[in-house]
Amino acid sequence: MKYIRKFSSPESFEDWKRRHPGADWHEFSLPHNAPVKDDLADSLRREQGRICCYCEKRLSRRRSHIEHIKPRSVFPDSTLKYSNLAASCNGGPTRQNACCGHKKGAWYSPRFVSPYDRSCEHRFLVTAAGEIAPRNPKDISAAETIRRLGLNTPDLCAMRRTVYDVLIELKSTLPPERFQEHIEQSLLPDGNGLFEPFWSTIEYVGTMLTLDGLEIPDELPAPRKTKKRKRRW
Ligand SMILES: [Zn+2]
């Protein structure tokens with residue numbers, strides 16, 4: 001998960017709030033406020049380099065929504081605070097691939113590892129199968145966050161696996177310095193401020209491969225195996 005460095009709130013949004021003291025999300029979402037809401041959503045997407053705040057998939061205007069990190073049903077006072085808002089993808093089209101803001105819904109726990117938590121970039125690893133897992137096996141907060149956000153859907157794992165495979169291929173063809181340069185470059189925003197989708201996968205796998213020198217490692221943690229339950233008859 002990539003840590004989000006916040007921009008300042010758009011002036012149009014702050015101005016709307018000044019003119020509508022005590023307003024709630026429902027009022028803000030009325031159709032005649034669409035230009036202000038569009039401004040807000042665009043600012044959130046830009047500050048994230050147009051990748052989803054949770055899964056890091058590329059965000060489009062049509063397939064994303066404004067996410068409340070602390071849900072508005074539980075934290076009504078934070079509903080219109082810019083510091084509580086982020087841009088999330090809408091997840092996959094099937095229930096099996098539901099993830100991110102829509103999957104999380106109104107869930108919140110003090111254990112939630114959010115993209116506004118500075119430690120979030122060091123709490124997760126990516127397996128060769130494209131799964132996300134806690135970097136520390138005892139980190140139950142990271143494990144619960146993965147589960148609640150649905151970060152290991154088949155679609156997301158397949159996309160991360162593609163990133164992983166490309167990096168393995170590059171590692172086998174480029175000289176070590178060129179490979180390292182490629183990783184460093186890939187982690188920076190491009191000329192339009194866009195981050196690479198699955199930034200954390202590039203960062204984690206790229207670092208692992210760089211640290212391991214010329215070897216193409218098979219020592220990335222293996223995919224987790226689910227324990228078979230004993231039948232009770
Ligand atoms: Zn997402």
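## D77 and its loop

D77 sits in the loop between strand 1 (64-68) and strand 2. The model is predicted. In it, D77 counts as exposed because it has 9 C-beta neighbours inside 10 Å, and 12 or fewer is the cut-off for that class.

D77 and R61 are 16 residues apart in sequence. In space, their C-alpha atoms are 27 Å apart.

## The nonpolar core

The largest nonpolar core has 37 residues. Those with the most contacts inside it are C52, Y54, C55, A86, C100, L151 and V205. The largest share, five residues, comes from helix 8.

In soluble globular proteins, nonpolar side chains tend to be buried together.

C100 is found in helix 4 (residues 100-104). It is one of the residues with the most contacts inside the largest nonpolar core. Which residues does C100 contact, leaving aside its neighbours within four places in sequence? They are C52, Y54, C55, S88, C89, G91, L149 and G150. Of these, C52, Y54 and C55 are also listed among the core residues with the most contacts.

Most residues other than glycine have a negative phi. C100 has a positive value, near 60 degrees. R50 also has a positive phi near 60 degrees. R50 lies in the loop between helix 3 and strand 1. R50 is buried, because 21 other C-beta atoms lie within 10 Å.

## Helix 1 against helix 3

Helix 1 and helix 3 pack at an angle of about 135 degrees. Their axes are 8 Å apart. That angle makes helix 1 oblique to helix 3, because only angles over 145 degrees count as roughly antiparallel. The crossing is left-handed.

From helix 1, S12, F13 and W16 take part. They meet V36, D39 and L40 in helix 3. By class, the residues of this contact divide into four nonpolar, one polar and one charged.

D38 also has its place in helix 3. Is D38 buried, partly exposed or exposed? It counts as partly exposed, because it has 13 C-beta neighbours inside 10 Å. D38 and I66 are 28 residues apart along the chain, and their C-alpha atoms are separated by 9.8 Å.

## Helix 6 against helix 8

The axes of helix 6 and helix 8 come within 10 Å and cross at roughly 30 degrees. Helix 6 is therefore roughly parallel to helix 8. The crossing is right-handed.

Helix 6 brings R160, V163, Y164, L167 and K171 to the contact. Helix 8 brings T201, I202, V205, G206 and L209. The residues divide into six nonpolar, two polar and two charged. V205 is also one of the core residues with the most contacts.

## Helix 7 against helix 8

Helix 7 (residues 176-186) and helix 8 pack at an angle of about 160 degrees, with axes 10 Å apart. The two are therefore roughly antiparallel. Helix 7 passes helix 8 in a left-handed crossing.

Helix 7 contributes F179, Q180, I183 and S186 to the contact. Helix 8 contributes I202, G206 and T210. This contact has three nonpolar, four polar and no charged residues. I202 and G206 of helix 8 also meet helix 6.

## L170

L170 has its place in helix 6. L170 is partly exposed, because 16 other C-beta atoms lie within 10 Å. Leaving aside its neighbours within four places in sequence, L170 is in contact with F179 and H182. F179 of helix 7 also takes part in the contact with helix 8.

L170 and L125 are 45 residues apart along the chain. Their C-alpha atoms are separated by 20 Å.

Note on methods:
Residues are numbered from 1 along each chain as its sequence is written. This is a predicted model: local features need pLDDT of at least 70, side-chain atom pairs count only at pLDDT 80 or more; totals for chains, interfaces and linings use all residues. A nonpolar core is a set of buried Ala, Val, Leu, Ile, Met, Phe, Trp, Tyr and Cys residues joined through C-beta atoms within 7 Å. A residue is buried if 20 or more other C-beta atoms lie within 10 Å of its own, exposed if 12 or fewer, and partly exposed in between; C-beta atoms are placed from the backbone. Helices (H or I, at least four residues) and strands (E, at least two) are DSSP runs, numbered from the N terminus. Two residues are in contact if their C-beta atoms, placed from the backbone, lie within 7 Å. Axes are lines fitted to C-alpha atoms, for helices over the stretch in contact, and angles run from 0 to 180 degrees between N-to-C directions. Angles under 35 degrees count as roughly parallel, over 145 as roughly antiparallel, 65 to 115 as roughly perpendicular and the rest as oblique. A crossing is left-handed if the near helix is turned anticlockwise from the far one by less than a right angle, and right-handed if clockwise. Ala, Val, Leu, Ile, Met, Phe, Trp, Tyr, Cys and Pro count as nonpolar, Asp, Glu, Lys and Arg as charged, and the others, Gly among them, as polar.
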